[in-house]
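Work through these exercises with the coordinates open. Try each task before reading its solution.

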Amino acid sequence: MAHYIVVYDLRKPGKDYTELINALRSLPHFHAQQSVWFVRWSQGAAELRDKLRQHIDTNDMLFVAQFGDWATFNMRDAANWLNS
C-alpha cells in the first residue's frame, strides 16, 4: 500500500461532514492536522478522491496525492506513522 495525503477545504459552515470523517477513519490513517490526513491506500489518487468526493459538497475542495519524498518538523507521531 502506498501513502497518500488528503487535504480538504470545507466551505459550508455548519454542515455535518461526519460521513467524510468516517470514510477517512475507515482507512488506515493518521490525522496529521485539522484538515490533513495521511492514508494508506492500494489504488490510485483518483480512486481515493472519488471515494471521498461523494461525502463533500460541490463547492468544497479536495486534494489527494501519493507521497514521494517527505519531511516533517515537530510532527514526531506523524513521522512515526509514515515510517511504520
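The exercises below concern a predicted model.

**Exercise 1. Which residues touch the most other members of the largest nonpolar core, and which elements give two or more residues to it?**

Solution. 
1. Start with the membership: the largest nonpolar core holds 17 residues.
2. Val-6, Leu-24, Trp-37, Val-39, Leu-48 and Leu-52 come out on top.
3. Strand 1 (2-9), helix 1 (18-25), strand 3 (36-41) and helix 2 (45-53) each give two or more residues.
4. Take Leu-52 as a test case. Setting aside residues up to four places away in sequence, Leu-52 touches Val-6, Leu-20, Ala-23, Leu-24 and Leu-62.
5. Look for a further core.

**Exercise 2. Why do the buried residues of helix 1 lie on the same side?**

Solution. 
1. List the buried residues of helix 1: Leu-20, Ile-21, Ala-23 and Leu-24.
2. Consider their directions from the axis. They span an arc of only 160 degrees, so they fall on the same side of helix 1.
3. Recall the helical repeat. An α-helix has 3.6 residues a turn, so residues three or four places apart point the same way.
4. Inspect the face turned away from the buried side. Glu-19 and Arg-25 are exposed there.
5. Identify the packing partners. The buried residues of helix 1 pack against strand 1, strand 2, strand 3 and helix 2.

**Exercise 3. Is the aromatic pair of Phe-30 and Phe-38 stacked or edge-to-face?**

Solution. 
1. Get the total: the model has 3 aromatic pairs.
2. Compute the geometry of Phe-30 and Phe-38. The centres are 6.4 Å apart, with 20 degrees between the planes.
3. Apply the cut-off. Planes under 30 degrees apart count as stacked, and the pair is therefore stacked.
4. Check the burial: Phe-30 and Phe-38 are both buried.
5. Ring pairs link Phe-30, Phe-38, Phe-67 and Trp-81 into a cluster.
6. Arg-40 lies over the face of Trp-81, 4.1 Å from the ring centre.

**Exercise 4. Is Trp-70 buried or partly exposed, and which residues is it in contact with?**

Solution. 
1. Locate Trp-70: it sits in the loop between strand 4 and helix 3 (76-83).
2. Read the relative accessibility. The value is 30%, so Trp-70 counts as partly exposed.
3. List its contacts beyond four places in sequence: Ala-79, Leu-82 and Asn-83.
4. Compare sequence and space for one of them. Trp-70 and Leu-82 are 12 residues apart in sequence, and their C-alpha atoms are 9.5 Å apart.

Notes
Residues numbered from 1 in each chain as written. Predicted model: local features only at pLDDT ≥ 70, side-chain atom pairs only at ≥ 80, totals over all residues. Heavy atoms only, no water. Core = buried A, V, L, I, M, F, W, Y, C linked by side-chain atoms within 4.5 Å. Buried < 20%, exposed > 50% of the residue type's maximum accessible area, 1.4 Å probe, protein only. Helix = DSSP H or I, 4+ residues; strand = E, 2+ residues; numbered from the N terminus. Contact = heavy atoms within 4.5 Å. Arc of directions from axis to C-beta. Phe/Tyr/Trp six-rings, centres within 6.5 Å; stacked < 30°, edge-to-face > 60°. Lys NZ or Arg CZ within 6 Å of the ring centre and 35° of its normal.
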